[in-house]
Amino acid sequence: MKAMVLIKNTNSLEAFQMREIDDPIIESDEVGIDVETSGLNFADVMARQGHYRDAPPLPSVIGYEVVGKIYQVGADVVDLKVGDRVVAFTRFGGYAKKAKVSFRGAVKIPDAASSAESCALATQFTTAYYCIEEAMRVHKGDKILIQAAAGGVGIGLVQLATHHGLEIWGTAGGEKKCEFIKELGVHHAIDYKKYDFKEYIESRWGARPLDIVIDSLGGVAFKKGYSLLSICGKIIGLGASSMSGSKFNIFRTVKEGLGFGLYHPAQLLMASQSMIGVNMLQVSDHKQNVLERCLKGVVDYYEKGILRPHVGGEFSIEELPKAHDYLGQRKSMGKVVVHWQ
Ligand SMILES: NC(=O)c1ccc[n+]([C@@H]2O[C@H](COP(=O)([O-])OP(=O)(O)OC[C@H]3O[C@@H](n4cnc5c(N)ncnc54)[C@H](OP(=O)(O)O)[C@@H]3O)[C@@H](O)[C@H]2O)c1
């Protein structure tokens, strides 16, 4: 089969090569999928640049999700059959014409569903769903800050926060993105290219006004987000996009790592606060039932119109480098995908 193989941690043009590789071997609890569309995630950009610790060693096929039709099912698979069209959460291996996944990581979608929209349901919306519906309990009127609200995960978080009646602060880079998130439902949009988000919030709403912060930027932004939490506040850390850009550099990584801040559990205890880490790769590896529940929850919300994916860019598989730059250079708003046909 054909696959876009990551051969080098470098710029998008030199990083990938279309190669002929062996078809995946389908285990008894897995399904094989003939891929029509592969989704891109920011973690792919981090993996390409060599910043992603969990990425497989080179040469490798990365990619977290696909949409396509099942061509083979393992002996223990229930509920799915050859010919079903699915969206599936791949554990890498998504940038290929054929992908394999555990049956728990695949959900049926109608033949007419847009493959690009469906890709958004996998990693990005499942992550957003896990944050809001699994990792904590939210209540109407809670004050939430969502970082990078115009991104793939960000859009899902805004829609879920809106569904639960939260008051939403959202950050985004630039005026156009801020207009977009306001239309999406963010009450207080902050252009963090123009303003320091912490100063902006404190100067208007006072010290520690927030109940929830969802941080995907990492480094010093996490520390600032934490400092905005009220008593009983919760902060979710799910990424470190601020560390992307150049090639891996140990000194920069240590500096950014220290930027997160140093915390003692007593601090959290005294203020009745929580810090929650989210890593969907680990959830998918060790808590397949949780992943299955989240993926099904997302599809249910999609069918009810609560979650409405926004497609940020569609490319052909040959244009993968272009798609990577589009996402990595902060041009996208929503899901970026590459089509195989
Ligand atoms: N923990 C998990 O399991 C998990 C799962 C999925 C995603 N994530 C994380 O969630 C975040 C969002 O992922 P996504 O796939 O939905 O991507 P995305 O939000 O669509 O794209 C990333 C966005 O991050 C913002 N950003 C801030 N600083 C940046 C920088 N230095 N370089 C590039 N972009 C920067 C940009 O938006 P602005 O232009 O508005 O700043 C950019 O558009 C990422 O940090 C990702 O690693 C974590």
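I take buried to mean under 20% relative accessible area, exposed over 50%, and partly exposed in between, with a 1.4 Å probe and protein chains only. By that rule Ile155 is buried, with a relative accessible area of 1%.

**Entry 1. Basis.** I am working from a predicted model, in which local features need pLDDT of at least 70 and side-chain atom pairs count only at pLDDT 80 or more, while totals for chains, interfaces and linings use all residues. Residues are numbered from 1 along each chain as its sequence is written, and side-chain values use heavy atoms, with hydrogens and water left out.

**Entry 2. Ile155.** I located Ile155 in helix H5; helices (H or I, at least four residues) and strands (E, at least two) are DSSP runs, numbered from the N terminus. For contact I use heavy atoms within 4.5 Å. Not counting residues up to four places away in sequence, Ile155 touches Phe125, Ala149, Ala150, Phe180, Leu184, Arg308, His310, Met333 and Gly334.

**Entry 3. Domains.** The domain assignment gives domain 1 (2–120 + 300–339) and domain 2 (136–277); such bounds come from an automatic or database domain assignment. I find 27 Å between the centres of the two domains, taken over C-alpha atoms. Across the boundary, 15 residues of domain 1 are in contact with 22 residues of domain 2.

**Entry 4. Nonpolar cores.** I define a nonpolar core as a set of buried Ala, Val, Leu, Ile, Met, Phe, Trp, Tyr and Cys residues joined through side-chain atoms within 4.5 Å. The largest has 54 residues, and Ile132, Met136, Ile144, Ile146, Ile181 and Ile214 have the most contacts inside it. Helix H12 (residues 288–303) gives the most to this core, seven residues. Domain 1 and domain 2 each supply at least three residues to this core. I then listed the contacts of Ile146, leaving aside its neighbours within four places in sequence: Gly154, Leu157, Val158, Ala161, Ile168, Trp169, Gly170, Thr171 and Ile214. A second, separate core of 38 residues includes Leu6, Leu80, Ala106 and Val336. As background, nonpolar side chains in soluble globular proteins tend to be buried together.

**Entry 5. Ligand.** I count a residue as near a molecule if one of its heavy atoms lies within 4 Å of it. The ligand is surrounded by 26 residues, the closest being Val153, Lys177, Tyr192, Val278 and Met280. I checked polar contacts, meaning pairs of N or O atoms within 3.5 Å; within protein, one must be able to donate a hydrogen and the other to accept it, and residues adjacent in sequence count only if both atoms are side-chain atoms. A polar backbone atom of Ser216 is 3.0 Å from an oxygen atom of the ligand. A nitrogen atom of the ligand lies 3.3 Å from a backbone N or O atom of Ser241. Arg330 places a polar side-chain atom 2.8 Å from a ligand oxygen atom. Taken alone the ligand exposes 900 Å², of which the protein buries 91%; these areas come from the Shrake-Rupley method with a 1.4 Å probe, and for residues only the protein chains shown count as cover. The elements that give two or more residues to the shell around the ligand are helix H4 (123–134), helix H5 (152–163) and helix H13 (320–328).

**Entry 6. Backbone.** I returned to Arg330, in the loop between H13 and strand E15 (335–339), and noted a positive phi of about 65 degrees although it is not a glycine. Cys232, in strand E12, also has a positive phi, near 75 degrees. Cys232 is partly exposed, at 45% relative accessibility. The peptide bond from Leu58 to Pro59 is cis, with omega near -10 degrees, and Pro59 lies in the loop between H2 and E4.

**Entry 7. Glu134.** I placed Glu134 in helix H4, where it is partly exposed with a relative accessible area of 27%. Its side chain joins that of Arg293 in a polar contact of 2.7 Å. Not counting residues up to four places away in sequence, Glu134 touches residues including Val290 and Cys294.

**Entry 8. Helix H8.** In H8 (residues 220–227) I find Ala221, Phe222, Gly225, Tyr226 and Ser227 buried. The buried residues of H8 pack against elements including helix H7 (197–205) and strand E11 (210–215).
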